[in-house]
Amino acid sequence: MISLSHVTKRYSSTVGIGPFDLQLPKGGVTALIGPNGAGKSTMLTMIGRLLDMDSGSIEVAGYDIASTKSRDLAKILSILRQENHFITRLTVRQLVGFGRFPYSQGRLTVDDERIISRYIDFLDLGELESRYLDQLSGGQRQRAYVAMVLCQDTEYVLLDEPLNNLDIAHSVAMMRHLRRAAEEFDRTIIVVLHDINFAATYADYICALKNGVLARFGTPGEIMRDDVLTEIFETDITVIETPGRPLVAVYF
Amino acid sequence: MTIATTDRTSGPASQPSPPRTVDAAERRSGAFRTARAHRRYWWIVGGLLALALVTSFGLVWWGNPMPIEHPGFWRIARRRAITVVVLLIVAVCQSLATVAFQTVTSNRIITPSIMGFESLYRAVQTTMVYLFGVAGVVALNNLQSFVLQVALMVGLACALYGWLLTGRYANLQVMLLVGIIIGTGLGSVASFMQRMLTPSEFDVLTARMFGSVGNADVAYFPVAIPLMVVAGGVLCFLARTLNAVALGREAATNLGVPHRRTLITVLVAAATLIAVSTALVGPMTFLGFLVATLSYQFADTHDHRYLLPMSVLIGFAVLTTAYFVMHHVFYAYGVVSILIELVGGTLFLIVILKKGRL
């Protein structure tokens with residue numbers, strides 16, 4: 001369980017987000033949706049202690065993120081931002097191996113190697129493991145980053161727009177991988193998504209933000225309704241049922 | 001209204017991966033991409049070590065005007081050996097500082113020298129000559145003034161880091177920019193004062209403006225060597241952490257690295273190393289950059305446990321070779337930084353053009 005109480009972040013007197021009082025459940029995939037500037041990434045980076053909050057407190061699995069040592073937190077929670085530029089040249093396996101850093105501090109054991117191999121294979125990167133990241137396509141690279149945070153073996157995995165710049169096939173594959181990771185490895189995955197249809201199809205819970213505060217929280221069935229979505233996105237949205245497919249929101 | 005979970009996990013992406021010929025536990029991560037790259041690393045280390053040993057031996061032994069049985073031979077050899085020790089100190093300081101600095105700042109173009117160190121050195125030297133004439137330069141050549149110069153440079157760096165990295169809007173890029181502006185400002189003040197010197201004073205000053213081992217003095221060793229060992233040791237101790245820091249602030253924090261603390265530790269250690277080197281022999285602007293870039297090319301790994309020793313070795317080999325060539329081929333004593341910049345710059349261009357990336 002991730003619980004936020006009275007969390008705020010002020011960028012200036014008029015711009016800021018919060019206060020949030022919110023509990024994200026353990027287990028499954030939770031999607032954060034909302035219009036641009038709603039505070040999705042800000043909230044995610046604050047939970048992932050990459051951004052300091054101005055007031056309030058956040059607890060992840062009972063640990064207060066402000067007072068728990070960063071090194072211990074790295075075994076409970078991992079976060080992946082959308083932009084990843086490294087100055088050093090790494091192979092896929094070296095990158096994924098960094099996921100073991102909180103445990104091994106850079107001294108990889110045989111067990112670490114086994115875990116690294118497991119997640120490389122899980123994301124179908126086995127053939128590419130000794131390629132350099134700059135020799136991969138955008139979709140492959142994104143999979144390598146996700147493999148790294150999964151390799152961290154944390155209960156909670158936070159992903160900031162992992163579908164950014166991915167085409168349809170790669171997006172679908174990525175969401176299926178995340179779904180499987182949540183089920184097979186019993187992870188709690190919190191993911192910022194822009195496409196509400198992806199959220200509705202692959203998430204167990206949807207958390208909608210708007211203007212820096214929580215707008216709605218519920219299952220996809222509760223959120224995927226004309227009036228709710230129209231209000232959140234301030235766009236005419238119609239939810240339609242298609243045979244053999246989940247609910248689809250149409251907003252063109 | 002509910003969605004069938006079976007739909008989510010079906011499809012080709014969820015098929016189990018094909019069985020591998022290699023057992024999962026046998027696949028290794030390693031610092032190098034291939035075993036060949038690993039072997040290549042050690043060949044290069046061996047080659048550089050041989051070059052460094054031959055040229056240092058040559059520097060001490062070659063062209064000694066005295067016969068070997070004469071006590072004067074050993075007196076000359078000892079003086080020359082001191083030169084080699086100075087070169088080693090400079091190599092360790094410049095190389096470790098530059099590699100670590102470039103890693104924590106996520107930037108492979110700038111070097112710590114840019115952060116106002118050399119301008120401060122120039123400004124101090126020029127001010128002394130301007131205020132006290134040639135006697136001022138002589139007065140600068142003692143241990144107290146060496147310690148004072150190191151303290152000034154480290155103090156300036158710490159003030160800058162402390163001010164800019166711990167505030168509310170802590171920002172590395174702003175800090176670098178402010179450092180460069182302070183450096184340029186100090187440089188301009190120094191140039192202005194240089195305009196008003198007499199030609200003879202200017203001549204004396206110019207000799208100290210180029211990096212030269214002739215500026216060094218054995219009396220500085222008791223301070224310079226311990227500082228180098230402590231600051232260099234800190235950086236080597238942090239090698240594995242530096243690997244993670246190279247991923248950037250956010251990825252490193254995610255991996256549980258205390259990013260700000262590591263950043264400040266590395267910056268202070270790098271500042272100390274550069275200050276020792278600069279106060280010892282004068283500005284060596286290009287050396288650190290050259291050595292760091294060559295190390296990335298030759299080592300061909302992200303792992304600082306291999307990068308840092310490689311950089312020291314390259315630094316030392318470059319310096320001893322340059323000195324050897326200057327002394328025994330061109331018979332030009334003193335300013336070796338000219339040769340380093342010429343040959344080093346050419347080598348750098350060749351490597352970059354051949355590989356096509358930094």
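The model is predicted, so local features need pLDDT of at least 70 and side-chain atom pairs count only at pLDDT 80 or more, while totals for chains, interfaces and linings use all residues. Residues are numbered from 1 along each chain as its sequence is written, chains are lettered from A and ligands numbered from 1 in the order in which they are written, and side-chain values use heavy atoms, without hydrogens and water.

Let's start with the pockets. A pocket is an open set of points on a 1 Å grid over the protein atoms alone, where a 1.4 Å probe fits, with protein on both sides within 12 Å along at least five of seven lines; lining residues have an atom within 4 Å of a point.

The second largest pocket holds about 700 Å³, the volume being the space filled by probe spheres set on the points, which are joined across faces, edges and corners. Its lining of 33 residues has A:Asn84, A:Phe86, A:Leu133, A:Asp134 and A:Tyr145 nearest the centre. By class, that lining has 12 nonpolar, 12 polar and 9 charged residues. Helix α6(A) gives the largest share, 4 residues; helices are DSSP runs of H or I, at least four residues, and strands runs of E, at least two, numbered from the N terminus.

And the largest pocket? It has about 1400 Å³ of space. Among its 46 lining residues, A:Leu50, A:Leu51, A:Asp52, B:Arg249 and B:Arg260 are closest to the centre. The lining has 21 nonpolar, 13 polar and 12 charged residues, and α11(B) gives the most, with 5.

Now to helix packing in chain B. How do α9(B) and α12(B) cross? Their axes come within 9 Å, at roughly 150°; axes are lines fitted to C-alpha atoms over the stretch in contact, and angles run from 0 to 180 degrees between N-to-C directions. That makes α9(B) roughly antiparallel to α12(B), the term for angles over 145 degrees. Their contact (heavy atoms within 4.5 Å) includes B:Leu227 and B:Met228 of α9(B) and B:Val266 and B:Leu273 of α12(B). It has 10 nonpolar, 3 polar and no charged residues.

Finally, the axes of α2(B) and α3(B) come within 7 Å and cross at roughly 145°. This contact divides into 9 nonpolar, 1 polar and 1 charged residue.

Notes. Parallel < 35°, antiparallel > 145°, perpendicular 65-115°, else oblique. Nonpolar A, V, L, I, M, F, W, Y, C, P; charged D, E, K, R; others polar.
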